[in-house]
Every structure is written in C-alpha cells, then in structure tokens.
Amino acid sequence: MSSRIAFVTGASRGIGRATALSLAAAGHTVILAARDQQKLDEVAGAIRSAGGAAHTVQIDLSSPESIQQAFAQAKEIGTVTILVNNAGITRDGLAMRMKPEDWSAVLNTNLTGAFLCIQQVLQGMMKERWGRIINIASVVGESGNAGQANYVASKAGLVGLTKSLAIELGSRNITVNAITPGFIETDMTAVLGEPIREKMLANIPLKRFGQPGEVAGAVKFLASDEAAYITGSVLRVNGGMYL
Ligand code: NAP
C-alpha cells in the first residue's frame, strides 16, 4: 500500500484515536489534531512505539483561525491526501428549550469545521490528483433523533456535503465518503444512562455496542487504494440498528 499523509481530527480519543492508530499501522504518516495536547502526545507515543509515524497539531474546529493555523503547520510536514473529519460534539436538548449557542456550537464544530478542513486540503489533493476525504457522520443523521436536533442536523449536513463534493471532485480523483457509526463505546456514549443503553441494545441486531476500532477499520478501507471506485457513499457501521 502507498504511504500517504493523513490528517485526523478528534484524534485525541475515541474513534479518532483508533483511526489514527489504524492508518499509522497501514503505513501512513498521521497528523493527529484536537484541542488536548497531552492526549494527542499520548496517541502519538502509542503510534511511534508501534513503529509508525505521527505528528500532532492543536486545532479548535469551532475557530476558523485555529483551523487555518493547524493546516499551516500540517503543510510543513507535507501534502495531506487523506482527511478524516472525525471530531464532533453533542449539546443535547429539546428543540423548544435549545439555546441558540448550543445550536451554533454543534453546527460550527461538526459541520462548518469539517467544511473548512476540506477547503484546506483541496489544493494539495488536486495537485496530487489523488485524495480521500472521509466524514464521520452518525446513524441519527439518517434516522433522526428526538433531543438532538442540532447534532442530527450537523450529521445529515455532513452526508449532503459528502455527496455534493463527491460529484464536484470526482474528476480530480478525490473520493469523498461518509461513515455513519451506530452506538460506539467511547467517552461520547459513556455519559448515557443504563435505561437508554438497554433500549438501544434491544434495537441492535448484532446485540452489542460497537468498538472504536470497528469504525477505524472502515476508515482505513475507504482511505485505501482498494476503495478507489467508491465515492459519495454512506457506509453504515451500526450493527444493523438502522438499515
Ligand atoms: P469522543 O470520544 O467524545 O471524542 C471526540 C473527539 O473530538 C475528541 O478527540 C475531541 O478532542 C474532539 N473534539 C471535540 N471538539 C473539538 C473541537 N472544538 N476542536 C477539535 N477537536 C474537537 O467522541 P467519539 O465517540 O470518538 O466520536 C467521534 C466522532 O464519531 C464524532 O463526530 C461523533 O459525532 C461520531 N459518532 C460517534 C458515535 C458513538 O457512538 N460514539 C456514534 C455516531 C457518530 P479534544 O477534546 O481533545 O479537542
């Protein structure tokens, strides 16, 4: 497999961490991006101990300036040809009571942040005539979910963004795909109470929650040469909970 430079947002923990480890094990140089430098250093250390190549950059996806600065640092490492837009947040609440700042924070981080990252890598990918953009959306972006209007809108938006850019960038040999994970065991889902977990489990045909590595495996595949003819697709990694 060819060795490339991959930029992974939200690489400090959870699915992003697993994705960074997986892309590094596949031989790629990985740029780990998130806000928590200490956690990024820990992930970079794990990659290097396993013989892989990793760099860290701090990024706050809610800030266009921070995104610009992070990619300026990335450009010093080389041309990013694999971008994984993984970072995401929730600020759940019923629509009637949702504060405008909770709406904006989620849309800015999950959707606008991802779009601004894509803008940063396009020129390089076009020059290379090779690129892989992988957006981590969510099962609820397809199904909808009460109490998550902001999060669901951001994730459904990512799917629309994925499809539009797949069409726009296809002639440049840049593929753009989305992954919609179901319930994956990370910090994001650890906060959910036992009744919700049990209700969800009952609706998962595989009868278990997913692991971060199982999403990472799908990312690794979509980033590979084997996935060259896949673009604009939405790959469900959800144990069958939504079909
Ligand atoms: P997580 O454990 O909460 O990790 C979130 C990651 O995003 C962290 O690395 C965090 O890093 C980063 N992040 C958050 N806000 C950021 C910001 N403003 N700027 C830069 N980085 C930021 O979440 P996860 O479960 O791994 O989820 C990863 C992605 O999968 C998210 O997009 C999530 O919506 C999606 N997803 C998760 C599940 C699930 O069941 N877990 C299901 C469907 C979809 P710092 O805090 O260090 O900045």
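## Loop residues, helix packing and cores

Arginine 129 is found in the loop between α4 and β5 (131-136), where helices (H or I, at least four residues) and strands (E, at least two) are DSSP runs numbered from the N terminus. The model is predicted, so that local features need pLDDT of at least 70 and side-chain atom pairs count only at pLDDT 80 or more, while totals for chains, interfaces and linings use all residues. Residues are numbered from 1 along each chain as its sequence is written, and side-chain values use heavy atoms, with hydrogens and water left out.

Phi of arginine 129 is near 55°, a positive value in a residue other than glycine. A positive phi, of about 60°, is also found at lysine 207, which is not a glycine either, and which has its place in the loop between α8 (194-202) and α9 (212-222).

| Residue | Relative accessible area and class |
|---|---|
| Arginine 129 | 48%, partly exposed |
| Lysine 207 | 52%, exposed |
| Histidine 28 | 3%, buried |
| Proline 181 | 5%, buried |
| Asparagine 85 | 4%, buried |

Histidine 28 lies in the loop between α1 (14-25) and β2, and its side chain reaches the backbone nitrogen of arginine 4 at 3.1 Å. Proline 181 belongs to strand β6; leaving aside neighbours within four places in sequence, it is in contact (heavy atoms within 4.5 Å) with Ile136, Ala137, Ser138, Val139, Val215, Val237 and Asn238. The C-alpha atoms of proline 181 and leucine 243, which are 62 residues apart along the chain, are separated by 12 Å.

Two packed helices are described by the angle between their axes and the distance between the axes. Here the axes of helix α3 (residues 64-77) and helix α4 (residues 100-128) come within 10 Å and cross at roughly 35°, the axes being lines fitted to C-alpha atoms over the stretch in contact, with angles running from 0 to 180 degrees between N-to-C directions. From α3, Pro64, Ile67, Gln68, Phe71 and Lys75 meet Gly113, Leu116, Cys117, Gln120 and Val121 of α4. By class, this contact of α3 with α4 has six nonpolar, three polar and one charged residues, where Ala, Val, Leu, Ile, Met, Phe, Trp, Tyr, Cys and Pro count as nonpolar, Asp, Glu, Lys and Arg as charged, and the others, Gly among them, as polar.

In soluble globular proteins, nonpolar side chains tend to be buried together. A nonpolar core is taken here as a set of buried Ala, Val, Leu, Ile, Met, Phe, Trp, Tyr and Cys residues joined through side-chain atoms within 4.5 Å. The largest such core has 30 residues, of which Phe7, Ile59, Phe71, Leu83 and Ile133 touch the most other members. Two or more residues of this core come from each of β1 (5-9), β2 (29-34), α3, α4, α6 (149-169) and β6 (174-181). A second, separate core of 29 residues includes Ala6, Ala34, Ala227 and Val237.

Methods
Buried < 20%, exposed > 50% of the residue type's maximum accessible area, 1.4 Å probe, protein only. Polar contact = N/O pair within 3.5 Å; in protein donor to acceptor, adjacent residues only side chain to side chain.
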